[in-house]
There are 2 protein chains.
Amino acid sequence: MSRVPTALWKNLIAVQVYGANTGVGKTVFSTLLGSHFSRKIAKTKWDLRYIKPVSTGPIDEADDGYFSRYTGANADTLFQFKKAVSPHVAARDSGRIPSDNDIVQKLYSKLSEIATRRCSQENSIGLAIVETAGGVLSPGPSGVPQADLFRPLRMPVVLVGDHRLGGIASTISATESLILRGYDIAGVVCFDDKGKYENSNYLRNYFEEREIAAFEIPWIPDLSDCTTETEIEKMRAYYLEESDSDGLHNIAGQLIDQHATRLENLSKMAKKTSESIWHPFTQHKNRKSSDEILVFDSAYGDYFQTKHTAQSNGGSKGNTNNAILYPAFDGSASWWTQGLGHGNPKLALAAAYAAGRYGHVMFAGATNEPAVALAQRLLQGLENPRLARCFYTDDGSTAAEVGIKMALRASCKRYGWDGSSTEVGILGLKGSYHGDTIGAMDASEPCTYNKKVDWYRGRGHWFDFPTVKMRQGQWIVEPSAGMEQVFGETSRYRTLDDVFEFEKRRQNPRYREYITEQLNTLVKEQGKAFGALVMEPIILGAGGMLFVDPLFQRTFVEIVREYDFVESTAHPKDPKAWSGLPVVFDEVFTGLYRLGRFSSASFLETHPDISIHAKLLTGGLLPLSATLASESIFEAFLSNEVADALLHGHSYTAHPIGCHVGNVSLKAMEELSHSYAWQDYLKDWQGEVASTFDQPHVETPKKTTKKCIWSMWSQRTANEISYHPLVDHVIAIGSVLVVSLKDDHGSGYTSKAALGLRDALLRDRIGQNIHIHSRVLGNTIYLMASMTSAPSDLATIESAFMDQLKAMVDGS
Amino acid sequence: MSRVPTALWKNLIAVQVYGANTGVGKTVFSTLLGSHFSRKIAKTKWDLRYIKPVSTGPIDEADDGYFSRYTGANADTLFQFKKAVSPHVAARDSGRIPSDNDIVQKLYSKLSEIATRRCSQENSIGLAIVETAGGVLSPGPSGVPQADLFRPLRMPVVLVGDHRLGGIASTISATESLILRGYDIAGVVCFDDKGKYENSNYLRNYFEEREIAAFEIPWIPDLSDCTTETEIEKMRAYYLEESDSDGLHNIAGQLIDQHATRLENLSKMAKKTSESIWHPFTQHKNRKSSDEILVFDSAYGDYFQTKHTAQSNGGSKGNTNNAILYPAFDGSASWWTQGLGHGNPKLALAAAYAAGRYGHVMFAGATNEPAVALAQRLLQGLENPRLARCFYTDDGSTAAEVGIKMALRASCKRYGWDGSSTEVGILGLKGSYHGDTIGAMDASEPCTYNKKVDWYRGRGHWFDFPTVKMRQGQWIVEPSAGMEQVFGETSRYRTLDDVFEFEKRRQNPRYREYITEQLNTLVKEQGKAFGALVMEPIILGAGGMLFVDPLFQRTFVEIVREYDFVESTAHPKDPKAWSGLPVVFDEVFTGLYRLGRFSSASFLETHPDISIHAKLLTGGLLPLSATLASESIFEAFLSNEVADALLHGHSYTAHPIGCHVGNVSLKAMEELSHSYAWQDYLKDWQGEVASTFDQPHVETPKKTTKKCIWSMWSQRTANEISYHPLVDHVIAIGSVLVVSLKDDHGSGYTSKAALGLRDALLRDRIGQNIHIHSRVLGNTIYLMASMTSAPSDLATIESAFMDQLKAMVDGS
């Protein structure tokens, strides 16, 4: 539904007229505005159209006819319902309820048609007045408030204020409802009642202070004694006389100026960005032109509204009419953050509530309701009996630093190390990544990301591990290159579920032996000190979307917890206390429903001592992170000395906006996890056995298990892609689809194998009018859905992805 | 104005009835609700009051009389205006306009009086129905919308929905306006029109989905054919019959439950916090009871609404009636973040707009309007011709890490060092602090904050410096302990301005000699490598609010820029290029108007190569930070290799909410900087020479200078405090007032000298009914104002501070 372009064209101003209430004079204003522009036609080639998307009441009294009568311009009603009540009641009673998507698409098509006609006439510009029904949030036919229904088109709004008693309040509130849905307000207009209630005067001042243009519109003539004919005559005179009055002149000028400014801003934004912004993770020398910078006008649902460039519409059929914007699927979930869709009005309102109730309030020595509620929600949701305490920071990297500080202090204290003189390292996996601050970087092995960071000092040891992948329709567990001797040959599984059958797979002692031997070498032979085991459960994200064999991670935890890192130090008896080393799970990417479950640790059926969360924590709205720890970790910081405390704390620690949005988001995602859509995803993956693809080497028999691993991406598509000749392997789990391409020149971060596909997807190379924005990690390209993505929309994206992938072979 | 407690008492439910519009039946609903509760009086000792704070129209038609007639309960109108128009027009025309503060205080007093009466009766509970005029945002007498006017009292709201055509829209919008002002909605009620427009039905479903209670209220009888008498009879029957109908029963139950829940949440929050939260910068073992945790119900303006504890009202006269909350001045500006007041509706709406327009959108390879606008605003505002690029991160610590990474890479590249093998340090000042992540910590000398951080490795050298302070009414520049030989004896200045007269003070070559000698020893003799000069301009915050002699900082920069850190490497000729070492200014605390100016570097009249900003960047709402760099720094990262780029980037980089709120905040603060209040502060400090205090050692003559250094805290108070026997010295600059107490046991972070004063201020030890929340840094206590603080309010706080300080001597 949100895959419709924003209604913005070079030579068509499409403006939406909303009313602060019903009966405030929307149609009179629209007609005044129309009259104003129709007069201009002769001089400056203005072309005029009026559209009423949804109208209720008798057709002969409809607003389109009224508009045409006085302006002579064409007017259309897209959906007409006879009963003169709210559209949702009228539509229901009529027995035919058009979907929101129908309405938005039909309106866009109509506007697009007008823009196309304009396009053929040189130096001509059009004005389309789109008049809504009732107030800003009056329900449309489906019952969804109009301002939500039309949001994907994000047209500039003229709000007709309410001139009546009480109208100041309703006008401001209506404006606020539009603003919190991300609308730009071209102007608020209000009929000047010549001193009766003075609303127009008040509103002009009020909005001026808030930089919203507001204008007074000439009062409507008294028609109380008129016959139909004298009424028409009187109104004709009114429109003739007043359509060029100051108020009209000003709002018209404002519409023209704002349109021009919006176009200019959009056209200059890439250049301004290129001149003033230092982009994250970007080699700026590789940028050949500022046109490479994607300009986002806005975003809604799973789609960015992106500015067309010469490149973007190369293959697209969608831009024959100078459309400025196109929707692009946010395939990286904006760096793995999105869960509930862009421009989500519930989250916007939640953020506003906490801002209005608190702003930010001090957290040290204090507390606020959203922060405590979120801590408790996390502790409950993680279902990890070890975890007891929540420490808030701002992002995944700071949360990782806190987790590392916690773990190191606990182990240094127990084992009697002085961290300032002893080099205490961490144990981890090759390819792990925990953030960009130096402490978080130090917890990863040397790699492209950190090798030019002058203060980077990798502190620890990182283990090889086998990975899980689907290759040619087959789930396999494959040893890393050169490790076949250690881990054994590639093993094959009927389903992904079978990979997680730990008890069944346990016979193989290779992991246990390998890890123990490695530890013996490091600790007993080389005398190294380690203070924590730090891992991302299931998938190493930044490391290239590596799906770690869960049995390996599980075994690693078990052995570390049994291992004597310092001889003759007894392991604690409390089953909730950390043992061996504190186990730190970095769930920043994998947690909070990214892989379909609240906690990615749950896949491993093991409980870390410290758990790190960020990204989806706010549903994708704003930065916040949490590091949860066990009481046994917490106790390591208790002492009579202030200096022994965890002396860490950012200014905005536990900011109420983030925490409240976090509570609202987690609750929403929890509800989604019980939705029909999610049940269908699960069913799709449970039916994997019914695949038509050949699966020759399956030995493990399929059995019914509760812990089905599933994805929002269909198993059919995953299967199909995995057979593609350019594809090395595929991973699909939760909202994540990973496609790893073959690259003869190596598969690391610097591989360029996936760039061609990425560009083809974005630029719609084969012209199917679907644009997909994606990110690559070396030879790997991935897609991520939101928790709210519509299954039908994902099917469309999958199909477009397949088509582009196929075209790559055909074209190569 | 915001120093009024939130209207919450144990045994009085004070509920505010708002209307979705005028004419929706607020008074009928209030009377129904009153009737419902008045019936209950007999059984459960419900006492009932009705208050109309502001009423317009003839007195004999006023709502209070109506309410009393049907309920028999007392009813009051606080401010009555004759003309039947909006209160702002009626008040203006009446010639007497009560201030918002008058209205709020009078209403609070009235409610407090009722609560006090209730208090004396065991097991009795009161209901006060406060009915507003018109719609939610109808202007009050001063013109301020009612929902803003009454916000400090933050009463639970019952919103009477609009049952008329268009009423769905106005009801939802009105609700949203309340929510974004931080109100809790007890319920939305709507008269059931029995199927005409079905608003009540729609609204019930709509709000249920959003977890807002919504109820249908029985339709009002048709009174069209009634005489005055039959109307009264009919309505009496209506109230009698319908006041116990389901809708009323439910909304009444909801009010009672919500009140109980709010009290329970508040009473349990400290314990829950104590059980689940790991607080920042806190030695939890020092916490004797969870009662020590301050529970904030909300915040508004400069005040927290804090839960009373046994301790808090020990000396206070303010809590004789079981008031639950008291306002406490946010004296640390919530860890130095606040600039525009808590619960600021403009910022809440700005946050909501960006959330509605974008949510968060990907920034790598892309751009959005708020992010570019903020970058340009910062680059312009800093007025530093060197700076050209903006890199966004999430907090001061991450921004410092980025600044350090930038500087080190630039210097390592120019000087040919391999940072992974060469130990490249930074130059700085003793007591500096740049954040809690390990890279930022490594840029500070060993101290309490980092000594137990196992991975901390101080990398650099930190210089001694003289400090500026006011002692006994005299501004002095004092060498650090033991450095008198090097820096010379304490020098005295007539005014703070004179300390900044760099040209005049330049004769003394001691700083230049000292710094050069130190560098020679470190670089030439010891062969150490340094990659950056990193300093907080003017005040070292976390280091204990040390006011560095600005001449020392300026000289340090000059020398570093001339110095040959590697022999025979020529300094660049481009005046904007970095020279010697990149100069990094950490303005996280001191910048963006905290000290009264956009940039604290401007006090030094010098231009860093890298400038770090956070905290006030969003006016105090949510985390965002920016590291600005020169083109010459940026160029050090350009190469054909991706690995040479600055591979740093947090998930929410340049999140549109933060950037948009940043733009709105910086603009608001810029406007305030031209306000009368700020001009008055300036005048106050220009008149410092007129002080009545003895200033014996002044040698520098006073001259008129444009660059007057001033504070929002009065020079009279600063002076007076500086003479206090317990006080070592005072600093006042911009919004900051620092009071350093004498401590015979040392002055570091672990000093306890200031704790007594801090506790006395919060607990209102001397019972003046003013509570001040403050933070201490060892022996130093400080207060910070917001940019929007009312001068009269600051005067009250100053006076309360002085009184508590005086009482400490009297009491000791």
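Predicted model: local features only at pLDDT ≥ 70, side-chain atom pairs only at ≥ 80, totals over all residues.
## Where the chains meet

Let's start with the contact between chain A and chain B, which takes 145 residues from chain A and 145 residues from chain B. On the side of chain A that touches chain B, helix 11 (residues 345-357) of chain A gives the most, with 10 residues. Sorted by class, that side of chain A has 70 nonpolar, 53 polar and 22 charged residues.

Strands also link the two chains. Strand 8 (residues 294-300) of chain A runs parallel to strand 11 (residues 366-368) of chain B, and three bridges join them. Look for Val295(A), whose bridge partner in strand 11 of chain B is Thr367(B).

Now turn to strand 21 (residues 583-586) of chain B. Val583(B) and Phe585(B) point one way from this strand, Val584(B) and Asp586(B) point the other way, and all are buried.

Strand 21 of chain B pairs in the parallel sense with strand 18 (residues 529-535) of chain B over three bridges; here Val583(B) is the bridge partner of Leu533(B). Strand 21 of chain B also runs parallel to strand 22 (residues 610-613) of chain B, joined by three bridges, with Val584(B) opposite Ile610(B).

## A hairpin in chain B

Why is strand 24 (residues 727-733) of chain B largely enclosed by the rest of the structure? Five of its seven residues are buried, so the strand is largely enclosed.

Strand 24 of chain B pairs with strand 25 (residues 736-741) of chain B in the antiparallel sense, over six bridges. Ile731(B) stands opposite Val738(B) in strand 25 of chain B. The hairpin of these strands has two residues between them, and in it Gly734(B) takes a positive phi near 55°.

Notes:
Residues numbered from 1 in each chain as written. Chains lettered and ligands numbered in written order. Buried ≥ 20, exposed ≤ 12 C-beta atoms within 10 Å, placed from the backbone. Helix = DSSP H or I, 4+ residues; strand = E, 2+ residues; numbered from the N terminus. Pairing = 2+ DSSP bridges. Contact = placed C-beta atoms within 7 Å. Nonpolar A, V, L, I, M, F, W, Y, C, P; charged D, E, K, R; others polar.
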